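Please look through the sequence and the model below before reading on. The report that follows takes up a few parts of the fold in turn.

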Amino acid sequence: MKRVFFALLFVIFAVSAPLAADELKQPSIVVYGTATIEIAPDLLIWHLRLCNKGPRMPVVAQENAALTEQVLSYLRRQKIPEANIQTNGMSFGEDWDYNTKIKTKLGYFAETEILFRTNNLESYKALWVDLAENPGVSVEEVCYDHTQRIRYQNESRQKAVLAAREKARYLAETLGCEIGEPLLIEEDLEWQKSASMSNIKTILEDESTLGIAIAIGRIPICTRVKVAFRLLAPGK
């Protein structure tokens, strides 16, 4: 009778966690544990896009190069370290108008992206106002982060594993069983990526609200893990 009960438990958990069935060849319980830590940010990450257009490609390219150097020089004057500034996404090509039935060539375009980060959160308003004075410069995104993200991420991982253990123990006790040693620990990176994207804290503002102070708030550090434990039958 005990053997039948044990086999039924294995079937139940194999059906509820099909991914673990190929990995585990013994009675087990597979659960997910999640944890979120909210912290006050100490880092601002800016994403700028520099774009200009014109009738002649050489002139457009030169103007974009000059605009890029102008913005980079400004950032250096704001004492932002060179290591915190990155230029990428450089491109140029033909500028077409697709709003009419007939595709019309308007000229050429050139684009450059600049990403930079700063620990001076109080500089947000000044940076925003100064950058807005440059035609062709747009702020794509400003978001918060933390310089000690890895440390907090590890803390979140630990809490997620503990949460998984408590969940597994509760489920096992509901069936009159116990959990044994862990058989599998796997971090759910896809879930964490999705959670980070949905919880990203942007602080973009309209020009009409430049007089309003920003609210720093808190940012979430999320972790989700899959953990498998040996499932012990009653009396084992």
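Which residues are buried in H5? In this predicted model, the buried residues of H5 are Tyr152, Gln153, Ser156, Ala160, Ala164, Ala168 and Ala172. In any α-helix there are 3.6 residues a turn, so residues three or four places apart point the same way. The length of the helix can be checked as well: H5 covers residues 149–174, and at 1.5 Å a residue its 26 residues should span 38 Å, which agrees with the 37 Å between its end C-alpha atoms. After H5 comes Gly176, a residue whose phi is positive, near 75°.

**The sheet**

Strands of a sheet pair through backbone hydrogen bonds, and the pairing can be parallel or antiparallel. Here four strands make an open sheet in the order S3-S4-S2-S5, and the pairing is antiparallel. Because S3 and S5 stand at the edges, each with a single partner strand, one side of each is left without a neighbour in the sheet. From one strand to the next, the twist averages 15°. Between S2 and S5, which run antiparallel, there are eight bridges, and Trp46 has Val142 in S5 as its bridge partner.

Within strand S3, which covers residues 85–97, lies Asp95. Is this residue buried or exposed? Asp95 has a relative accessible area of 12%, and because buried means under 20%, Asp95 counts as buried. Apart from its neighbours within four places in sequence, Asp95 is in contact with Lys53, Thr104, Lys105, Leu106, Gly107, Tyr108 and Phe109.

Helix H4, made of residues 124–132, has Tyr124, Leu127, Trp128 and Leu131 as buried residues. When H4 is seen down its axis, these buried residues fall within an arc of 100°, so they line one face of the helix. Their cover includes strand S2 (43–54), helix H3 (57–77), strand S4 (104–118) and strand S5 (137–145). H4 lies across S2, S4 and S5, and its direction is at about 0° to S2.

**The aromatic cluster**

A single aromatic cluster is formed by Trp46, Phe116, Tyr124 and Trp128.

| Pair | Centre to centre | Angle between planes | Kind |
|---|---|---|---|
| Trp46 and Phe116 | 5.6 Å | 10° | stacked |
| Trp46 and Trp128 | 6.5 Å | 50° | tilted |

Why is the pair of Trp46 and Phe116 called stacked? The planes of the two rings are at 10°, and planes under 30 degrees apart count as stacked, so the pair is given that name. Both pairs link distant parts of the chain: Trp46 in strand S2 and Phe116 in strand S4 are 70 residues apart, while Trp46 and Trp128, the latter in helix H4, are 82 residues apart.

The members of these pairs can also be considered for their accessibility. Trp46 counts as buried because its relative accessibility is 0%, and Trp128 counts as buried at 9%. Phe116 is buried too, as is Trp46.

Notes
Residues numbered from 1 in each chain as written. Predicted model: local features only at pLDDT ≥ 70, side-chain atom pairs only at ≥ 80, totals over all residues. Heavy atoms only, no water. Buried < 20%, exposed > 50% of the residue type's maximum accessible area, 1.4 Å probe, protein only. Helix = DSSP H or I, 4+ residues; strand = E, 2+ residues; numbered from the N terminus. Arc of directions from axis to C-beta. Contact = heavy atoms within 4.5 Å. Expected span 1.5 Å × (residues − 1). Pairing = 2+ DSSP bridges. Axes fitted to C-alpha atoms, helices over the stretch in contact; angles between N-to-C directions. Phe/Tyr/Trp six-rings, centres within 6.5 Å; stacked < 30°, edge-to-face > 60°.
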